[in-house]
Amino acid sequence: MEEMIEFTEEVPLEEIMRYPGEYYAIVDHKIVAHGHDPEKVRQEAKKFFPHPAIGKAPTHEVVIY
């Protein structure tokens with residue numbers, strides 16, 4: 001599996017947070033696929049571009065120590 005991105009400014013965080021805890025694929029500054037299985041997300045995104053950027057959205061959970 002290709003390396004995943006940890007942070008991107010290509011897509012606003014508000015859009016990424018529509019899919020908390022899910023993997024997402026970015027092509028041309030747009031989320032083109034999302035889901036819980038990173039390989040399925042990658043395969044769906046490859047319909048748009050051979051090497052999509054893949055990341056994982058944070059959850060809405062807050063941890064206080």
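Which residue forms a salt bridge with Glu44, and how far apart are the closest N and O atoms? The partner is Lys47, with those atoms 3.1 Å apart; a salt bridge here is a side-chain nitrogen of Lys or Arg within 4 Å of a carboxyl oxygen of Asp or Glu. This and the other views come from a predicted model, in which local features need pLDDT of at least 70 and side-chain atom pairs count only at pLDDT 80 or more, while totals for chains, interfaces and linings use all residues. Residues are numbered from 1 along each chain as its sequence is written, and side-chain values use heavy atoms, leaving out hydrogens and water.

**View 1. The whole chain holds 2 helices and 3 strands.**
Helices (H or I, at least four residues) and strands (E, at least two) are DSSP runs, numbered from the N terminus. Of the 65 residues, 35% count as buried; buried means under 20% relative accessible area, exposed means over 50%, and partly exposed lies in between, using a 1.4 Å probe and protein chains only. Take the contacts between residues at least 6 apart in sequence: 45% of them join residues at least 24 apart. A contact means heavy atoms within 4.5 Å.

**View 2. An open sheet is built from 3 strands in the order β2-β1-β3.**
The pairing is antiparallel, and two strands pair if DSSP finds at least two bridges between them. At the edges are β2 (30-35) and β3 (53-56), each pairing on one side only. From one strand to the next, the twist averages 25°; axes are lines fitted to C-alpha atoms, for helices over the stretch in contact, and angles run from 0 to 180 degrees between N-to-C directions. As a reminder, strands of a sheet pair through backbone hydrogen bonds, either parallel or antiparallel.

**View 3. Strands β1 and β2 form a hairpin with 2 residues between them.**
Strand β1 (residues 23-27) pairs with β2 in the antiparallel sense over 5 bridges. Look for Tyr24, whose bridge partner in β2 is His34, and for Ile26, which stands opposite Ile31 in β2. In the loop between β1 and β2 you will find Asp28, which has a positive phi of about 50° although it is not a glycine. His29 is also placed in the loop between β1 and β2, and its phi is positive too, at about 65°, although it is not a glycine. Asp28 counts as exposed, at 63% relative accessibility; His29 counts as exposed as well, at 52%.

**View 4. The largest nonpolar core has 7 residues.**
Its members are Val11, Ile16, Tyr19, Tyr24, Ile26, Ile31 and Ala57. A nonpolar core is a set of buried Ala, Val, Leu, Ile, Met, Phe, Trp, Tyr and Cys residues joined through side-chain atoms within 4.5 Å. A second, separate core of 6 residues includes Tyr23, Ala25, Val41 and Ala45. In soluble globular proteins, nonpolar side chains tend to be buried together.

**View 5. Glu22 is buried yet has no salt bridge.**
You can find Glu22 in the loop between α1 (13-16) and β1. The nearest side chain of opposite charge is Lys56, 10 Å away; Lys and Arg count as positive and Asp and Glu as negative, while His and the chain ends are not counted. Leaving aside neighbours within four places in sequence, Glu22 is in contact with His34, Gly35, His36, Gly55, Lys56 and Ala57.

**View 6. The model has 2 salt bridges by this rule.**
In one of them, Arg42 joins Glu39, with the closest N and O atoms 3.9 Å apart. Both Arg42 and Glu39 lie in helix α2 (residues 38-45), 3 residues apart, about one turn of the helix. Is Arg42 buried or exposed? Arg42 is buried, with a relative accessible area of 2%, whereas Glu39 is partly exposed, at 32%. The salt bridge between Glu44 and Lys47 is the pair from the opening question. Glu44 counts as partly exposed because its relative accessibility is 34%, and Lys47 counts as exposed because its value is 63%.
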